[in-house]
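Reader: Could you walk me through the terms used for this model, one at a time?
Author: Gladly; here it is.

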Amino acid sequence: ALPKPQYPRLAQNSVVAVPLLDAFQYQDFDGGTLVVAILLVPLAALFGLSAVTVKAGALLWTLGIVLLWLEVLRHAAGRRAALFGAAAFACAPAPWLLFSSIHWGNHAESAFGPPLILLAGLGARRSAGIGRAISLLVLGGVAGFAVWFSQLNLLPGAIALLGALLVARIKPWQLPLVLLGVCGGLAPRALRVGWQGVFHFGAQKLGPWQLLEPLNNGMVTVPELRSIYATQPSLATWQIDGLGSMNGGPTLEGGLRILVAASLLIAVVAALRWRREGWGLVLTACAVVAGTWLLQPLLLAAASEIFPRRLANLYPLACVAIALGSATLARWRLGAGLALLLLWSLPNLAGTAVLLSHADPPEAPLTPWAWFSPPAREVWERVPGGLPNVDPDLVQAVQDHLTPLYQQPGERAHALSRGFFEAFSEPRTSLDHHRIRCAAPPGLPSPGADSSWAFGLGLRVRCRDREPDPRWCEAVEPVWRSQCLSGLTGGDMPSVEP
């Protein structure tokens, strides 16, 4: 049996590879990191833990997202819309190909939420009696689970849930069943933070009710807003983490954005005019696309979180818009629909060619689709000390020593915990878990007394079966080396300067 964590703050403030299920969840509102880790286990058991296995897991998520949206398109606008959707996804923007081949935990993967909510709403509409009650619980459960998976689903999930309720023709007295399902979907979050905090989503300010805050408080100026909507997420002009770049220029970037907007407008006008079967689902899908594209960048910018990976869930929504627009035009004239699809596909295929021909692959020979995240440098460059190797027999000792570190005020707790974790890392891939030598890694970032002392303490904990050796602290800057030695030999925590 796995040991039960005694200190909840350990899981809430760190990323530690320990045999505690809860510790694989990055933060309280990032349940997707835990789900992704769990679903990778059978793949690793079957094929071994390797870069290829991890990439395969990420691409399976992408395949699932595509299939969910194609099913929504089929129900909304027919088989032709699904076929146009398949073509639009096959020619998706290169950044989404990049992001969807990397297991971020809950970035590109979070895009599963809206289509699954819409399909659950469709199931509720077609059910009756006890089946309808169950389907309403499922609808709420899917929405709650999507929000626990990632707060990126708060906005599109809310729009999709509202549309699903309208499509399913929910009566007011049936809403408690949906809300009960939402609570069930959020249960994993409640197990971590308690029910009193389960609906507190202030950490990343991505809730629909927080839309006015950025503009009222001047967090985002009008020029910044104009720049955001002109470039985020990038379609034809992008450079991502040194893994690839494309400069299509503002004309091509703007043209693709206009194409997405025009496709939405075509689909909405046609749905309102002809009201064919599924027109309500078409309008709901368009609302999800438009609302998320317009509002999510604003919320992320206000929270200083507008990074390319945080916008990864917008790319499949653009493909949905293109599919609906081109399929609608094809009803009138097939050539027009194909022309719209071609205008979308050619620039994106050019971007994909740029990505696949990138001239800086990792040293180990891998197929092009595995180049996108060179595993040999991934952990050390992105998060030094972020994924330490902790042997199962050290779990309790790590918890015991981390607790007083986290009890220190503010930035000091952060410096102490980072220094402690640095004792468990070195510049290698996180896919290798053999025992690391007891020594400081080259280029150890320990700019301070607290982190240097905590680094020494971490080495003492990790190498407790060996006699402490002063040479273990040689990689620490000379000015802080005495603090490292103090932590290594059991000295007291540095005093706070007055």
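Author: The expected span of a helix is 1.5 Å times one less than its number of residues. Helices are DSSP runs of H or I with at least four residues, strands are E runs of at least two, and both are numbered from the N terminus. This is a predicted model, where local features need pLDDT of at least 70, side-chain atom pairs count only at pLDDT 80 or more, and totals for chains, interfaces and linings use all residues. Residues are numbered from 1 along each chain as its sequence is written, and side-chain values use heavy atoms, leaving out hydrogens and water.

Reader: How do you know that the span of helix H16 (residues 334-356) agrees with its 23 residues?
Author: At 1.5 Å a residue, H16 should span 33 Å, and its end C-alpha atoms are 32 Å apart, so the two agree.

Reader: Which residues of H16 are called buried?
Author: Buried means under 20% relative accessible area, with exposed over 50% and partly exposed in between (1.4 Å probe, protein chains only). Among those in H16 are Gly337, Leu340, Trp344 and Leu355. Their cover includes helix H13 (249-274) and helix H15 (314-332), with contact meaning heavy atoms within 4.5 Å.

Reader: Why are H2 and H7 called roughly perpendicular?
Author: Angles of 65 to 115 degrees count as roughly perpendicular, under 35 as roughly parallel, over 145 as roughly antiparallel and the rest as oblique. The axes of H2 (residues 31-47) and H7 (residues 130-149) cross at roughly 95 degrees, so the pair is roughly perpendicular.

Reader: What meets in that contact?
Author: Gly31, Gly32, Leu34, Val35 and Val36 in H2 meet Phe145, Trp148 and Phe149 in H7.

Conventions: Axes fitted to C-alpha atoms, helices over the stretch in contact; angles between N-to-C directions.
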